[in-house]
Amino acid sequence: MNVYETDELLSQYLDFHFGETHFGIGNYPARCARICQELMAGRDKLKALDLGCAVGRTAFELGRVFDQVVGVDLSTRFVEAAATLQKDGAIDFFRRDEGELGQRVTLNLEEIGLDRAAQKVSFAAGDACNLPEEHRDYDLIFAGNLIDRLQNPAAFLRDIHHRLSKNGTLVISSPYTLLEDFTPRANWIGGFEHNGQPRTVLDGMREVLSDHFEEIEAPQDVPFVIRETRRKYQHTIAQLSAWRRVR
């Protein structure tokens, strides 16, 4: 079974996107959206695409400033949850404490000021490496925690300029957790030595994207925390890079 289709992961991600913050680390999907908004200052904000949108927080946040936002994720369960939030304005889930113990929690978009922004957002299940032709002319594409979950990240990066408008912005955030369960070793673009030198995923992205993109600014670290149970958390540091289509 795909772990991203389970009740457990759905609950964890609803809490990750819309629940309380932990250990003083702010909300990651919202922070990524704010960085995207800052990068788009003074630029057209007609259409945005959130690839690997999970349960939708970044897409909703982008709806504050974009005319239209589309969220796409491979997980049908995640997309259904995001669409329920968009349609009903609320959703409930089980937040686990330990074993079978926990509590039902209700999330409400109005309470976090996203009810109006949600009216500009839509969601669809889809493969980031095989997007329908309709996904074109975006002013911004955000790929959050996606690049290290793709079967063929180089193919994705070689195609993505076709989805952006001229001078469009691409933002990629990832902890580069390379796992052969998701990406065959032969398809890694970094995370190994090449000619005796370390080659990072960022190095690989720079090489592939250089045909059509320029890097806008130096990459930055964006930490996040995912709550699994009351006493177990994942503390991760993603690296966010920003690119502008120039060719």
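Predicted model: local features only at pLDDT ≥ 70, side-chain atom pairs only at ≥ 80, totals over all residues.
By the rule applied, a charge sits over a ring if NZ of Lys or CZ of Arg is within 6 Å of the ring centre and within 35 degrees of the ring normal. A second contact of this kind involves K47, which lies over the face of Y138 at 4.6 Å from the ring centre.

Residues are numbered from 1 along each chain as its sequence is written, and side-chain values use heavy atoms, with hydrogens and water left out.

I turn now to the overall architecture. The protein contains six helices and 12 strands; these are DSSP runs numbered from the N terminus, with helices being H or I of at least four residues and strands being E of at least two. Its C-alpha trace spans about 50 × 40 × 35 Å along the principal axes. For 247 residues, a compact globule would have a radius of gyration near 18 Å, and the protein agrees with this, at 18 Å. That radius is taken over C-alpha atoms, and the globule rule is 2.2 Å times the number of residues to the power 0.38.

Of the 247 residues, 49% are buried. Here, buried means under 20% relative accessible area, exposed means over 50%, and partly exposed lies in between, with a 1.4 Å probe and protein chains only. The accessible surface comes to about 12,000 Å², and 45% of it belongs to carbon and sulfur atoms; the areas come from the Shrake-Rupley method with a 1.4 Å probe, and for residues only the protein chains shown count as cover. As for contacts between residues at least 6 apart in sequence, 71% join residues at least 24 apart, a contact being heavy atoms within 4.5 Å.

Next, the aromatic residues. How many aromatic pairs does the rule give? The count comes to 11. Rings of Phe, Tyr and Trp (its six-membered ring) pair if their centres lie within 6.5 Å; planes under 30 degrees apart count as stacked, over 60 as edge-to-face and the rest as tilted. F182, with which I opened, pairs with Y4: the ring centres are 6.2 Å apart and the planes stand at 55°, so this pair is tilted. The pair links distant parts of the chain, since Y4 is in the segment before α1 (7-18) and F182 is in the loop between β7 (164-174) and β8 (192-194), 178 residues apart. Both partners are partly exposed, Y4 at 22% relative accessible area and F182 at 23%.

The rings of Y13 and F78 make another tilted pair, with centres 5.1 Å apart and planes at 35°. This pair also links distant parts of the chain, from Y13 in helix α1 to F78 in helix α4 (residues 76-88), 65 residues apart. Y13 and F78 are both buried. Ring pairs link Y4, Y13, F16, Y28, F78, F182 and F224 into a cluster.

Finally, the salt bridges. Side chains of opposite charge can pair when their charged atoms come close. A salt bridge here is a side-chain nitrogen of Lys or Arg within 4 Å of a carboxyl oxygen of Asp or Glu, and a search of the whole structure finds 16.

Consider E61 and R57, whose side chains meet at 2.8 Å, N to O. The two are four residues apart in helix α3 (residues 57-62), and therefore separated by about one helical turn.

The bridge between R136 and E133 has an N to O distance of 2.6 Å. R136 is partly exposed, at 25%, whereas E133 is exposed, at 57%.

R163 bridges to D159, with the closest N and O atoms 3.2 Å apart. In this case R163 is buried, at 4% relative accessibility, and D159 is partly exposed, at 27%. Elsewhere, salt bridges that share partners join R57, E61 and R64 into one network.

E38 lies in helix α2 (residues 28-39) and is exposed, at 52% relative accessibility. E38 and R163 are 125 residues apart in sequence and 21 Å apart in space, C-alpha to C-alpha.
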